[in-house]
Amino acid sequence: MGLTKEHKTEIIGKFGDSATDTGKAEVQVALFSRRITDLTGHLQQHPKDKHSRRGLMMLVGKRKSVLNYLKKVDIERYRKVLADLDLRK
């Protein structure tokens with residue numbers, strides 16, 4: 001279905017400092033993770049959708065690069081994000 005405005009504001013409120021703080025690395029990782037789970041569900045129903053699969057792989061790469069940045073800058077924030085989103089590394 002995609003990321004609705006309500007879900008996006010909920011994620012930003014949970015991980016950001018303010019309601020408009022979308023640039024924080026934690027917020028970006030959380031938004032990427034939500035979109036990744038939505039696309040994964042879509043691809044389970046439509047396995048031949050190659051364009052969406054490419055988009056999913058690009059999102060996974062973006063999330064990985066933001067997580068690597070966060071790990072390099074502040075390891076505690078990195079660990080907290082992994083724990084909050086149930087990601088494994």
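Within helix α4 (residues 75-85), Tyr-78, Val-81 and Leu-82 are buried, meaning under 20% relative accessible area with a 1.4 Å probe and protein chains only. Viewed down the α4 axis, these buried residues fall within an arc of 100°, so they line one face of the helix; the arc is that of the directions from the helix axis to the C-beta atoms.

- Asp-86 follows α4 and has a positive phi, near 55°.

**Packing of α2 against α4**
- Helix α2 (residues 25-45) packs on α4 at an angle of about 30°, and their axes are 11 Å apart.
- That makes α2 roughly parallel to α4, a term for angles under 35 degrees.
- The α2 and α4 crossing is right-handed, the near helix being turned clockwise from the far one by less than a right angle.
- Ala-25, Glu-26, Val-29, Ala-30 and Ser-33 of α2 meet Arg-77, Val-81 and Leu-85 of α4.
- The residues of this contact comprise five nonpolar, one polar and two charged.

**Basis**
- Residues are numbered from 1 along each chain as its sequence is written, and side-chain values use heavy atoms, leaving out hydrogens and water.
- In this predicted model, local features need pLDDT of at least 70 and side-chain atom pairs count only at pLDDT 80 or more, whereas totals for chains, interfaces and linings use all residues.

Key:
Axes fitted to C-alpha atoms, helices over the stretch in contact; angles between N-to-C directions. Helix = DSSP H or I, 4+ residues; strand = E, 2+ residues; numbered from the N terminus. Parallel < 35°, antiparallel > 145°, perpendicular 65-115°, else oblique. Contact = heavy atoms within 4.5 Å. Nonpolar A, V, L, I, M, F, W, Y, C, P; charged D, E, K, R; others polar. Buried < 20%, exposed > 50% of the residue type's maximum accessible area, 1.4 Å probe, protein only.
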